[in-house]
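Please keep the sequence and the coordinates open while reading.

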Amino acid sequence: MKLRLEDITAEAKELTFVEPEMEVNRILAQGPVREYHVNAPIGVTVSYYRAGTDLFFAGSLKAQTVATCARCAEDFKASNERAFRLVMAPKSIGMDGDPGLRADDLEFSLYDGVEIDLGPLVREQLLLALPTRPLCQDGCRGLCPHCGINLNRGECQCRSAQPDPRFAVLRSLKIGRN
């Protein structure tokens, strides 16, 4: 979704649209977070207005994802939502050379040209909404490290208290009795 700069006025406007999921999936497939796949277009609601040359955006997005659980390796569906806000200033103000990064910088960006493309903003916000470690549920019990059974589906027959292998030598010691 692109907005023309001349259409962004001091009066706040609201816009609802869907962003195709293909570009996000392409980024996910190439990046370090490969456990996720977006399986439907991303729903976006954004309000925007202008104050001088600065542009203000606030909204939310919602996406349906499929991920592989980091503990039990099962695929699961999840709904990801994120509220966001962003201030954009013209690139001509010359803030490109500032090497310092502050917490407020995550909500600040620069624009150039006569249009604002909201696609990169939506993709960035969705990637930030994804948990760093996908879990099918908070209490996921994962896989048994010995037999590999999914402990969410049932119990295994493995001994639950395996001795620490670092102390195996100590078990062979015989302590003399007087």
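1. Is Cys-72 buried or exposed? At 3% relative accessibility Cys-72 counts as buried, where buried means under 20% relative accessible area, exposed means over 50%, and partly exposed lies in between (1.4 Å probe, protein chains only). The sulfur of Cys-72 is too far for a bond from the closest cysteine sulfur, that of Cys-69, because the two are 3.7 Å apart. A disulfide is taken here as a pair of cysteine sulfur atoms within 2.5 Å, and the structure holds zero disulfides. Cys-147 is likewise in no disulfide, the nearest cysteine sulfur, in Cys-144, being 3.7 Å away; Cys-147 itself counts as partly exposed, at 45% relative accessibility.

2. On the basis of these values, please note that this is a predicted model, in which local features need pLDDT of at least 70 and side-chain atom pairs count only at pLDDT 80 or more, while totals for chains, interfaces and linings use all residues. Residues are numbered from 1 along each chain as its sequence is written, and side-chain values use heavy atoms, with hydrogens and water left out.

3. As to the overall plan, the protein chain has three helices and eight strands, which follow one another from the N terminus as β-β-α-β-β-β-β-β-β-α-α. These elements are DSSP runs numbered from the N terminus, helices being H or I of at least four residues and strands being E of at least two. Of the 178 residues of the protein chain, 29% count as buried. The protein chain exposes about 12000 Å², of which carbon and sulfur atoms supply 52%; this area comes from the Shrake-Rupley method with a 1.4 Å probe, and for residues only the protein chains shown count as cover. Contact means heavy atoms within 4.5 Å, and among contacts in the protein chain with a separation of 6 or more, 58% are accounted for by residues 24 or more positions apart.

4. The largest nonpolar core has 32 residues, and those with the most contacts inside it are Ile-8, Ile-42, Leu-55, Phe-57, Ile-116 and Leu-118. Such a core is a set of buried Ala, Val, Leu, Ile, Met, Phe, Trp, Tyr and Cys residues joined through side-chain atoms within 4.5 Å. At least two residues of this core come from each of β2 (13-19), α1 (22-30), β3 (36-38), β4 (42-51), β5, β6 and α2 (118-129), and β5 gives the largest share, five residues. In soluble globular proteins, nonpolar side chains tend to be buried together.

5. Helix α1 deserves a look from both sides. Val-24, Asn-25 and Leu-28 are buried in α1, and they lie on the same side of α1 because they cover an arc of only 100 degrees around the axis, the arc being that of the directions from the helix axis to the C-beta atoms. Met-22 and Gln-30, on the other side of α1, are exposed. The buried residues of α1 pack against β3, β4 and α2.

6. Which residues does Leu-55 contact, leaving aside its neighbours within four places in sequence? They are Leu-5, Ile-8, Tyr-49, Arg-50, Leu-86, Val-87, Met-88, Tyr-111 and Ile-116. Tyr-111, found in strand β7, is buried, with a relative accessible area of 9%. A polar atom of the Tyr-111 side chain lies 2.7 Å from the backbone oxygen of Thr-53. The C-alpha atoms of Tyr-111 and Lys-91 are 5.4 Å apart, although these residues are 20 apart in sequence.

7. Ser-109 also has its place in strand β7 (residues 108-111), but counts as partly exposed, at 26% relative accessibility. Not counting residues up to four places away in sequence, Ser-109 touches Leu-86, Val-87, Met-88 and Ala-89.

8. Thr-65, in strand β5 (residues 54-68), counts as buried at 1% relative accessibility. The side chain of Thr-65 makes a polar contact of 2.7 Å with the side chain of Asn-80; a polar contact is a pair of N or O atoms within 3.5 Å, of which, within protein, one must be able to donate a hydrogen and the other to accept it, and residues adjacent in sequence count only if both atoms are side-chain atoms.

9. Finally, Ala-73, in the loop between β5 and β6 (75-90), has a positive phi of about 65 degrees although it is not a glycine.
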